[in-house]
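Q: Could you walk me through how to read the strands, hairpins and ligand surroundings of a model like this one?

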Amino acid sequence: MIANRSYDCVVIGAGPGGGAAAALVAEQGFSTLLLERDKMPRFHVGESLMPETYWIFERLGILHELDKIGFTRKNGVQFVNSAGKETAPFIFRDVDDRDCSESWHVQRDKFDQLLYETAYNRGATCADETRVLDIDIRKKSPHRLTIKSAGGKEQDISTKVIIDASGQQAMIASRLGLKEYYPDLKKAAIWGYFKGAKRAGGGNPEVTCILHTESKDAWFWYIPLGNETVSVGLVADNDYLLKRGGSPQQTFEEQVKQCVGIKSRLQDAQQVGKLNIAKEFSYRTTQQAGDGWVLVGDAGGFIDPIYSSGVYLALKSAVMAADAVTDGLHKNDISERQLGRWTGDYESGVDLLRRLVRAFYTKEFSFGQFMKAHPRHAGNLTDLLIGRVFEGNAGEIFEDMDPWMEKVRAGEEVPQVTAS
Ligand SMILES: Cc1cc2nc3c(=O)[nH]c(=O)nc-3n(C[C@H](O)[C@H](O)[C@H](O)COP(=O)(O)OP(=O)(O)OC[C@H]3O[C@@H](n4cnc5c(N)ncnc54)[C@H](O)[C@@H]3O)c2cc1C
């Protein structure tokens with residue numbers, strides 16, 4: 001049972017978005033309730049973090065905790081093409097030798113628990129095994145939520161502001177009909193964990209690896225976690241992956257055989273536990289804030305696992321939303337305008353990543369060829385890969401990439417540049 005029945009702010013969901021938002025609202029002295037339906041710590045997908053998460057961890061004061069927990073460092077990314085050719089790892093520090101250029105590969109149970117505890121330490125009331133059953137969004141705040149605690153007791157809570165961080169459940173967006181799926185990103189994923197697998201190689205074991213299968217119809221992620229464990233995930237069109245007959249395990253094994261780089265890495269490895277499946281995860285929402293409510297992280301949209309942007313965007317939107325909420329509570333303005341004041345800037349940054357995702361899935365497009373023809377965009381591409389999309393000029397890359405993409409889609413010639 002939750003002792004208090006009325007709050008300044010209720011946060012639904014204790015993923016990275018919810019934990020960070022609850023911490024930042026609570027530390028401003030506002031009564032904050034963080035609700036999580038599962039028992040914490042809980043398992044979750046999404047282990048490779050973008051370097052730009054650094055600034056958010058710094059603001060939350062948890063940079064040292066990440067190393068203390070023992071997460072492996074993520075030094076960069078490496079791409080392996082459909083022919084099995086391994087590109088040189090792209091090491092973030094080679095471009096910018098500051099601490100913020102490194103990131104982490106995290107076990108999400110431990111990582112999300114850290115944020116949950118951070119919220120608690122900043123003054124939030126944190127309740128796990130407590131599910132939000134219903135939300136009554138009223139014309140005027142306070143809004144009401146019906147919740148069910150671990151013991152099965154139901155109770156009503158009222159709050160000035162709801163921050164919906166319920167992930168793919170997207171509670172408010174689903175109820176208000178705000179979810180729009182991307183017709184061109186109907187992907188699915190099958191993933192699992194392996195012991196005894198080769199680390200990514202190239203002398204830089206701590207990179208996230210992205211490997212295409214021979215046919216280029218699917219790709220694998222390869223994320224070296226701690227405890228000798230590697231997370232390996234297969235992503236492709238939903239129909240290609242889940243409607244081909246056979247079990248997900250069979251499909252996964254079949255695709256491993258089609259991917260030289262993964263096959264060799266998993267040669268002496270043993271799968272730990274069953275494989276997991278995710279689908280229908282790519283969507284946006286047509287509105288991200290209303291009077292007395294705001295959406296953060298996946299509850300407001302998710303693009304795609306490629307480039308590992310999900311956790312960063314959850315954290316970034318949590319910070320932007322929490323600042324709008326606390327500012328609004330201070331001045332007694334929790335209107336849609338106030339709570340959603342950040343969403344235009346946020347959407348502009350997200351749009352850059354979305355365009356890069358679409359480039360990745362354009363079979364005829366080659367990043368290598370494009371970059372050889374347009375080396376001036378090297379810095380812009382780096383910025384996109386590390387998540388620096390809310391400042392700077394990374395978007396300039398599309399001045400050349402969009403026309404190039406139109407050409408390759410239309411089957412027209414693009415200049416072929418050979419390595420000098
Ligand atoms: C296949 C796949 C691979 C991915 N890989 C990566 C990656 O490598 N790197 C990366 O950065 N991102 C990755 N992501 C994205 C990442 O998983 C998400 O973007 C991220 O977890 C979003 O965080 P969040 O806080 O918004 O939501 P979540 O982490 O999903 O947290 C939402 C929480 O809300 C709780 N909740 C839901 N409904 C209720 C309710 N009714 N009451 C109470 N609590 C509720 C849930 O239990 C959950 O704990 C991947 C996603 C997919 C699908």
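A: Let's begin at a turn: in the hairpin of β9 and β10, Gly152 takes a positive phi near 95°, and 5 residues lie between the strands. This is a predicted model, in which local features need pLDDT of at least 70, side-chain atom pairs count only at pLDDT 80 or more, and totals for chains, interfaces and linings use all residues. Residues are numbered from 1 along each chain as its sequence is written.

Q: How do I read the pairing of β9 and β10?
A: Strands of a sheet pair through backbone hydrogen bonds, either parallel or antiparallel. Two strands count as paired if DSSP finds at least two bridges between them. Here β9 and β10 (residues 154–164) are antiparallel, with 6 bridges, and Lys148 stands opposite Glu154 in β10.

Q: What happens between β8 and β9?
A: β8 (residues 131–136) also pairs with β9 in the antiparallel sense, over 5 bridges. These two strands form a hairpin with 6 residues between them, and Arg131 stands opposite Lys148 in β9.

Q: Which residues of β9 are on the covered face, and which on the uncovered one?
A: In a regular strand the side chains alternate between the two faces of the sheet. In β9 (residues 143–148), His143, Leu145 and Ile147 make up the covered face, while Arg144, Thr146 and Lys148 make up the uncovered one.

Q: What is the strand order in the open sheet of 7 strands?
A: The order is β5-β4-β13-β14-β15-β12-β16, with mixed pairing. β5 (90–91) and β16 (270–279) are the edge strands, each pairing on one side only. Within this sheet, β14 (residues 218–224) and β15 (residues 229–237) are antiparallel over 7 bridges, and Pro224 stands opposite Val230 in β15.

Q: Which residues are closest to the ligand?
A: A residue is near a molecule if its C-beta atom, placed from the backbone, lies within 6 Å of it. Here 41 residues surround the ligand, the closest being Gly13, Gly15, Gly167, Gly297 and Gly310. The elements giving two or more residues to this shell are α1 (16–26), β8 and α10 (310–330); α10 gives the most, with 4 residues.

How values were computed:
Buried ≥ 20, exposed ≤ 12 C-beta atoms within 10 Å, placed from the backbone.
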